[in-house]
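Please keep the sequence and the structure in view while reading.

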Amino acid sequence: MKRICMWMMLCGLLVCAVQAREKQRLTSPDGRLDITVDCAGQLSYQVAWNGKQVLTPSSLAMTTDDGKVWGQNPSLKRAERRSVKGSVPSPFYRALALEECYNALTLHFKGGYSVEFRAYNDGVAYRFASTEKKPYHVLEERVEYRFPGDRTASVPYVKVGKDGDFGSQFFNSFENEYVTAPLSALNAQRLMFLPLVVDAGEGVKVCLTESHLEDYPGLYLKAEPDAHALSGVFAPYPKQLKQGGHNNLQQLVTERESYIARVDAPRSFPWRIAVITGDDRDLAASSLSYLLAAPCRLEDISWIKPGKVAWEWWNDWNLEGVDFRTGVNNATYKAYIDFASANGIEYVILDEGWAVNKKADLMQVVDEIDLKELLAYADSCGVGIILWAGYHAFNRDMEQVCRHYAAMGVKGFKVDFMDRDDQQMTAFNYRAAAMCAKYKLLLDLHGTHKPAGLNRTYPNVLNFEGVNGLEQMKWSPASLDQVKYDVMIPFIRQVAGPMDYTQGAMRNAARGSYSPCNSEPMSQGTRCRQLALYVVLESPLNMLCDAPSNYQREQECTEFIAAIPTVWDETRVLAAEMGKYIVTARRKGDVWYIGGITDWESRKLEIDLGFLPAGKACRAELFTDGVNAHRKGTDYRKSIQSLSADGRLTVELQPGGGFAAKIQTGAAD
């Protein structure tokens, strides 16, 4: 009898040991987030926030062409744990440095692969890594996000292609409004690009994105309505390409391989991120995409100069009161340079048109432009020149282009119309960043996907599009609700990093007054909304989209915009509700800026000023919506107030409105 009891006890201990080995648990430093990883059968994980189930068991796997399926019947060799607490420099982002605090669990499996999980206070992430030295192809990566019920999601669908034909949807600009609907009502035949947000209920939101997207295809998600789940889809590797697309400046994929990625050395793969917070302010303030990126690869970043840009394309080179015909010519660009110089604006962009059209050759400059003369003039005025470049024209002879124009004095490139995120294109982004850095050139990746950490690895890449920005107001019908979109992107797209939204319109349309116009475009919402967007949105290379003529008529607003920094020492989200409003405060030195925007509802906001230095008088320059801004969007009021840390700032926002304030600490009335 004693032997039987002892045998049963040993069996019980063995079962417990096996179960302990099969299940691994990881919690966030503050204890609110709890990850359980199940290594039995199919590798999966689930997440709880404050005891509330947020993600139900969601599997992960990677299939290679040598017959291996990582994550299927995994055999765990060892588990390693570590905790990290410190800071990460972020000189051209939302703060000088970002706090980094997480617990990590790395599971090493037989077969030469591992999976690392991290738990931060505001989210979880995981990634595969491989020690395999022989080349192989990744056929498929399984990514799942399963939810415990029919949660509501806010998602951006791919605009192009046929429903159900994902191959036709991979070539897209990563621009669209958000559709908000239950998981069960999402279109399972159309891909969604990242980031996107799922409302987990009870104030908890989950923002899904990725980081360190290097030499690997970007993640799309598709709905599984019956399962209350989202699953991953990746663009296969290009097999055949042809030149074409916009002005012959793109590479169009005509045939794809049966695999999604080529791998020829040991490597780690992109991070799959779920930002999870119970406060919309924390969602808008999350920096996980930056923190999970590869560290900076540049030894010297002293030459990188962020700033604002006078931009001609949005306003259609449309000047008035001049004695020359405006357009792509030296006289027009000298006028933009004069405007930039007079207002302390660091750069002027020569957008599409300066190079001969449809040649995809950046060495062919149109006859109307004398680039050498223009660069000399800009330099004499203390203004830098940035050149627009179509993707294929830039890619086909990248080093010659960078070397030639850097030697001429060009400060950077705005590269456009990539419109893909397969492995070939994400590799291009890193290669372009490295090449531009070699020649001390800034890079603005327009026509591309979300940042996904590249701005940390190569901080000369100051900006990215992947946003349904203000350029849409040149042609979109009134059915496009840009005001609603503006109060969504700080909680979704901006979680992934800075964006080339291109704000600054001086023609501002109250509700019902907007209409598209290519040569004299306008914004939806009020003037103060446009001012506030320079604070609410993150953009180290930030456009002034309107014409110098319009800014010169509105010099009070122009001076305010021109003084706003584009990188910050500190950022705080003071008040926020996704889809309704947001108020953000940012500090540079001893000056604070506050910006707030609302949806089409008027709001009265009381802002706690406890972030200001105690015991100091603060002088505030305040721009607020005028009492008639609901009818005339350009109506605003400027005032000077005295503020202190023990007080509150009360502002009234008109429908589609906003406010902006510049607060100088230590200054009296």
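Q: What makes helix α11 a helix that lies across strands, and which strands are they?
A: In this predicted model, helix α11 (residues 527-536) lies across β33 (581-588), β34, β36 (618-625), β37 and β39. Its direction is at about 125° to that of β34.

Q: What is the order of the strands in the open sheet, and how are they paired?
A: The order is β32-β33-β34-β39-β36-β37, which makes 6 strands, and the pairing is antiparallel. Strands of a sheet pair through backbone hydrogen bonds, either parallel or antiparallel.

Q: Why are β32 and β37 called edge strands?
A: Each of the two, β32 (570-577) and β37 (636-643), pairs on one side only. From one strand to the next, the twist averages 15°.

Q: How do you know that β34 and β39 pair?
A: Two strands pair if at least two bridges are found between them. Strand β34 (residues 591-598) and strand β39 (residues 658-665) have 7 bridges, in the antiparallel sense, and therefore count as paired. G595 stands opposite A660 in β39.

Q: Why is D280 called buried?
A: Buried means under 20% relative accessible area. D280 has 9%, so the term applies. This residue lies in helix α2 (residues 280-285).

Q: What makes the pair D280 and M578 a polar contact?
A: The limit for such a pair of N or O atoms is 3.5 Å. A polar atom of the D280 side chain lies 2.8 Å from the backbone nitrogen of M578, which is within that limit. Residues that D280 touches include K205, F491 and A576.

Q: How do you know that the length of helix α4 agrees with its number of residues?
A: At 1.5 Å a residue, the 13 residues of α4 (residues 330-342) should span 18 Å. The end C-alpha atoms are 18 Å apart, so the two values agree.

Q: What makes N329 a cap of α4?
A: A side-chain oxygen of N329 lies 3.3 Å from the backbone nitrogen of A331, at the N-terminal end of the helix. α4 is followed by G344, which has a positive phi, near 70°.

Definitions and conventions
Residues numbered from 1 in each chain as written. Predicted model: local features only at pLDDT ≥ 70, side-chain atom pairs only at ≥ 80, totals over all residues. Heavy atoms only, no water. Helix = DSSP H or I, 4+ residues; strand = E, 2+ residues; numbered from the N terminus. Expected span 1.5 Å × (residues − 1). Polar contact = N/O pair within 3.5 Å; in protein donor to acceptor, adjacent residues only side chain to side chain. Axes fitted to C-alpha atoms, helices over the stretch in contact; angles between N-to-C directions. Contact = heavy atoms within 4.5 Å. Buried < 20%, exposed > 50% of the residue type's maximum accessible area, 1.4 Å probe, protein only. Lists of a residue's contacts leave out its neighbours within four places in sequence.
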